[in-house]
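Work through these exercises with the model open. Try each task before reading its solution.

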Amino acid sequence: MADVDYDLVVIGGGSGGVRASRMCAQTGAKVAIVEMPFSMVSGVQKGGFGGTCVIRGCVPKKLLVYASKFPTEFEDCRGFGWTVEKMPTLDWKTLIANKTKEVERLNGLYGRMLDNSGVDTYEGMGKLLDRNTIEITSVTGEKTRLRTNNILIATGSKAFKVPIPGHEHGITSDEALCLPDLPKKIVIVGGGYIAVEFACIYNGLGSDVHLVYRQGLPLRGFDEECRELVAENLRKRGITLHPKYNPQKIMEAEGNGYTITIKDHQTEKDIQADVVMWATGRNPNSKGIGLEQSGVVLGAKGEIKVDNYSRTNVQNIWAIGDVTDRMNLTPVAIMEGMALAKTMFGNTPTSPDHNNVPSAVFTQPPLASCGLTEVAATAELEGELDVYTAKFRPMRNTLSGRDETTFMKLIVHVDTGRVVGAHMVGEDSPEIMQAIGVAMKCSATKAQFDSCVGIHPTTAEEFVTMRTPTRRVPCRSRHA
């Protein structure tokens with residue numbers, strides 16, 4: 001199209017949007033990216049390059065995970081002959097200040113990477129006026145218009161609060177990463193990975209943690225046996241679980257804090273706490289950016305509908321990452337961005353591959369998985385499955401005395417011998433699962449796993465030494 005400023009304008013400076021911008025610019029395309037001003041807590045006019053993952057998600061969360069593990073190390077070291085006369089104390093303000101300093105460094109790094117790639121950056125709220133025009137409104141109200149051949153939406157998602165009376169009293173993961181003081185008691189509502197990770201973080205740092213969720217077990221969608229063990233570990237670590245309970249209302253308590261009322265099918269009870277945190281999911285961040293006026297089709301949750309190549313129903317408008325609600329993981333958004341660059345400017349149409357994506361839940365100890373759960377495999381495949389499991393006391397715990405077990409599981413499609421699912425709960429499971437993911441992307445068979453010599457003594461060697469199936473399971477699907 002004649003009379004345009006750019007080949008591509010990206011709205012959203014998170015990991016996916018930044019990667020797509022850089023990769024597209026490296027092909028010689030003229031690219032701009034629009035992102036809101038930096039803030040530790042997101043808002044209508046608050047964001048920052050790096051997005052949720054870097055500023056208020058994966059990275060700061062993992063730093064707090066590291067911090068929360070030290071008390072366990074102090075406890076466990078006694079069994080190895082170390083004397084701890086007095087448990088060290090936590091300086092919460094120092095932790096948060098150091099975390100913030102690192103996040104600010106990464107935010108600046110993302111900006112420099114864009115500059116070095118030749119991507120023009122604009123700060124403000126981006127909105128589609130039509131399929132070729134973006135209007136950017138700065139925090140001072142100044143407006144800039146850009147004309148472009150292509151538009152990429154990479155605006156991510158935002159935390160959802162259940163609309164009950166007093167829901168505004170609850171914080172989200174944004175605020176949970178930068179509270180001014182460590183709460184003595186916190187109630188976390190939700191049973192997904194964000195909920196259980198923050199439960200472990202605050203528990204490890206010394207808070208009294210209550211976890212409220214609707215299902216019988218946390219982590220719906222993960223392997224059932226892993227879910228059971230995670231719940232068991234949460235209890236053993238001292239977290240109070242309230243399964244099958246729903247929040248009813250949140251009220252300010254007399255003095256300080258809040259009272260949340262929860263209810264199951266027959267019992268209603270109140271829990272008083274310093275902080276109530278919502279971890280009840282995230283919704284696509286697609287409102288107010290002109291998508292409907294431009295004819296872009298949205299789903300029921302506001303997710304942008306895209307084809308196999310991340311293209312919307314409007315030919316020159318594309319979308320990647322959480323705003324599409326396909327597979328909401330930062331590395332997936334990055335992968336989708338790289339595929340998009342090949343499709344759009346590399347003359348190599350490339351569909352993002354969402355199969356066998358390894359992932360982890362940073363509980364203590366963590367859970368990691370790749371491929372299909374046993375339930376999903378029986379529903380999606382045909383024939384039979386061999387399920388291999390191992391549950392054991394890890395070597396470290398023989399001296400530390402910690403009452404926790406490691407669980408490992410392989411799901412094998414009998415007809416092909418292919419490993420279609422791998423799951424683990426135990427220390428270092430995310431690091432181990434990353435390597436398992438490589439094997440599964442190569443369609444590794446159980447025989448190939450068995451042919452690999454294990455590293456001894458390690459936990460990981462169990463994945464290549466499980467010889468006898470725990471059970472054989474028939475599949476229900478008639479389609480492979």
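Buried means under 20% relative accessible area. Keep in mind that this model is predicted.

**Exercise 1. Find which residues of helix 1 are buried, and what covers them.**

Solution. 
- Step 1: locate the helix. Helix 1 covers residues 15–26. Its 12 residues reach 17 Å from first C-alpha to last, close to the expected 16 Å.
- Step 2: apply the cut-off. Ser-15, Gly-16, Gly-17, Val-18, Ala-20, Ser-21, Arg-22, Cys-24 and Ala-25 are buried.
- Step 3: draw the conclusion. With 9 of the 12 residues buried, helix 1 is largely enclosed by the rest of the structure.
- Step 4: look for the cover. It includes strand 1 (6–11), strand 2 (31–35), helix 2 (51–56), helix 4 (92–116), strand 6 (143–153) and helix 8 (330–345).
- Step 5: check what follows. Just after helix 1, Gly-28 takes a positive phi of about 105 degrees.

**Exercise 2. Decide whether Asn-397 is buried or exposed, then list what it touches.**

Solution. 
- Step 1: Asn-397 lies in helix 10 (residues 395–400).
- Step 2: compare with the cut-off. Its relative accessible area is 6%, so Asn-397 is buried.
- Step 3: list the contacts. Leaving out residues up to four places away in sequence, Asn-397 touches Arg-402 and Glu-404.

Technical notes. Residues are numbered from 1 along each chain as its sequence is written. This is a predicted model: local features need pLDDT of at least 70, side-chain atom pairs count only at pLDDT 80 or more; totals for chains, interfaces and linings use all residues. Side-chain values use heavy atoms; hydrogens and water are left out. Helices (H or I, at least four residues) and strands (E, at least two) are DSSP runs, numbered from the N terminus. The expected span of a helix is 1.5 Å times one less than its number of residues. Buried means under 20% relative accessible area, exposed over 50%, partly exposed in between (1.4 Å probe, protein chains only). Contact means heavy atoms within 4.5 Å.
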